[in-house]
Amino acid sequence: MDSINIRSFGQKLKAYKRSSLSLILFLLVIVSTILTIGILLFLIGYIMIKGIPNIKPELFQWEYNTLNMSLMPALINTVIMTFISLLIAVPIAVFSAIYLVEYAKRGNRLVGIIRITAETLSGIPSIVYGLFGLLFFVTALGWGMSLLAGAFTLSIMILPLVMRTAEEALKAVPDSYREGSFGLGAGKLRTVFRIVLPSAMPGILAGIILGIGRIVGESAALIYTAGTVAEIPKGRDFLFDSTRTLSVHMYALTSEGLYINQSYATAVILFIIVVLINWLSGFIAKKLSKA
Amino acid sequence: MKAIFFAAACTSILAVALICLFLFINGVPAVAKIGIFDFLFGKTWKPNNTPPSFGILPMILGSIYVTAGAVVIGVPVGILTAVFMARYCPKRLYCILKPAINLLAGIPSIVYGFFGLVVIVPFIRDTFGGTGSSMLTASILLGIMILPTIVGVSESAIRAVPQSYYEGGLALGASHERSIFFVMLPAAKSGIMAAVVLGIGRAIGETMAVIMVAGNQARMPAGLLKGVRTLTANIIIEMGYAAELHREALIATAVVLFVFILLINLLLSLLKRRTG
């Protein structure tokens, strides 16, 4: 079929000569694409060129002070924050996906409501999450601006994302797997945990990585829930210490306006993390499609 | 064990319920105190005056204008890029472009904001004069930020149109472009509309990038090259030191934003239903 549609360059040129509208549309398409990719390349190039020379060893000192403006505590806090948020969000997301795919009956009204609420959650802007976190976790539950309040806020935020990808991954597991497992005498629960979940793992993992990407990049939801203290939380009550993640750190640097070079460097680090996360997610998804 | 799965599934319902509850309980009394008309249509926001005035019309208009600007800039470029991705792109190039678009979606908004601050703001200042932190700057930046959403969703909408539509167009003597723009795009209309609505949702909710480039003056929007404050910016800038009625008024601002988002979501689900 496709071989009929192949035209030589000369034929294309002739066709464009006949119809100027086609030519204009074609040019518009090309210009737009170049614009989109050009913006991306310019953004990457600009930040890299300005930022890489500013990555200096003192940015990675353990203690933050106004002399070194170290981003190390913020980097470590980001890891801790990501870990705790995932610890809360992933089991809930995966379990609800299991309920939706494996247990809920077709046409169940509750399933419809769950889908609608998940969609609503994914549309809520991060500042509204931040405000909710401030009202609920920080004030009503009395946790103060803390690691825990921030992590809970973020975990609600990434819940719909992880849930949807997990749901799709579970749906993609062929029914024959389940039937085979039942045929061998396994119960429902054993089938879910031993057969369905392992086969759906790459898809679920890709969703979790996307969630990590959102956590790392988030700032608006964290400023009033986790606060902006640039220290690594310590001691027994570390969950209730105020912390800043890398994105919030960058916001603090930029809004003060005095540390523009350090902001460039932080932007580079953030950017590298995002590229790594994207690559990892794509890599796992590719593995999934091959398997 | 089924009960645990069920409980987990109900978490999202609980979360939405809690968010609604806490926002409305904390925000609605303020609206009642200020008066709903004075709050929504009041033209001055001066929380520190005596007596204070809490009119958020400047911010509502600010959000609407900036979002409209982002749509004007981002949507045509986004849809045309989606057309390229779906109908022109050779497979080899696609393997590079698709991850690039995904990367554009993954860049944190704070990095976009910083980019706007160091590149777009000086550019606007040098080209058009003024301070550079303006409605135009914010619109351009948001236009860039909604690009990946628009490209991704419209591309899959265009891909969902059966190939026979395109071939039918060719068979009737239309060129490649005419078949795409006058046969396939109309067929993908509701999917593309959904992309635009998603983009609007992203633009109206964006906070960090906007506050770095928009100027944030709490007054009625005065022109493309003048500073503007959005609903989101109003919340994040003043929440740190606000108290009592001022604080409640800010939460009520979030309620207004939330209602906007709910309306957008409603529109989106209607569009999705039409797509089937």
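Visitor: What does Val196(A) touch, not counting residues up to four places away in sequence?

Guide: Val196(A) touches Glu102(A), Leu170(A), Val173(A), Tyr177(A), Arg178(A) and Thr191(A). Touching here means being in contact, with the two C-beta atoms, placed from the backbone, within 7 Å. This is a predicted model: local features need pLDDT of at least 70 and side-chain atom pairs count only at pLDDT 80 or more, while totals for chains, interfaces and linings use all residues. As for labels, residues are numbered from 1 along each chain as its sequence is written, and chains are lettered from A and ligands numbered from 1 in the order in which they are written.

Visitor: Why is Val196(A) called buried?

Guide: A residue is buried if 20 or more other C-beta atoms lie within 10 Å of its own, exposed if 12 or fewer, and partly exposed in between. Val196(A) has 20 within 10 Å, so it counts as buried. You'll find Val196(A) in helix H9 (residues 188-217) of chain A. Its C-alpha atom is separated by 40 Å from that of Ile37(A), 159 residues apart along the chain.

Visitor: What makes Glu244(B) exposed?

Guide: Glu244(B) has 10 C-beta neighbours inside 10 Å, and therefore it counts as exposed. Glu244(B) sits in helix H12 (residues 244-275) of chain B, and its phi is positive, near 50 degrees, in a residue other than glycine.

Visitor: And why is Asn216(B) buried or exposed?

Guide: Asn216(B) is buried, because it has 20 C-beta neighbours inside 10 Å. Asn216(B) lies in the loop between helix H10 (208-213) and helix H11 (231-238) of chain B, with a positive phi near 65 degrees.

Visitor: How many helices does chain A have, and what makes a run count as one?

Guide: Chain A has 11 helices and zero strands.

Visitor: How do you set the radius of gyration of chain A against a compact globule?

Guide: The radius is taken over C-alpha atoms, and the globule rule is 2.2 Å times the number of residues to the power 0.38. For 291 residues a compact globule would come out near 19 Å, but chain A has 24 Å. Its C-alpha atoms fill a box of roughly 70 × 60 × 30 Å along the principal axes.

Visitor: What makes H3(A) and H3(B) roughly perpendicular?

Guide: Two packed helices are described by the angle between their axes and the distance between the axes. Helix H3 (residues 20-51) of chain A and helix H3 (residues 57-88) of chain B have axes that come within 8 Å and cross at roughly 105 degrees. Angles under 35 degrees count as roughly parallel, over 145 as roughly antiparallel, 65 to 115 as roughly perpendicular and the rest as oblique, so H3(A) and H3(B) are roughly perpendicular to each other. The residues of this contact divide into eight nonpolar, four polar and no charged; nonpolar covers Ala, Val, Leu, Ile, Met, Phe, Trp, Tyr, Cys and Pro, charged covers Asp, Glu, Lys and Arg, and the others, Gly among them, are polar.

Visitor: Where is the kink in H5(B) centred, and how do you know how big the bend is?

Guide: The bend at a residue is the angle between axes fitted to the seven residues ending there and the seven starting there. In helix H5 (residues 109-128) of chain B there is a kink of about 40 degrees, centred on Gly116(B). Gly116(B) is one of the buried residues of H5(B).

Technical notes: Helix = DSSP H or I, 4+ residues; strand = E, 2+ residues; numbered from the N terminus. Axes fitted to C-alpha atoms, helices over the stretch in contact; angles between N-to-C directions.
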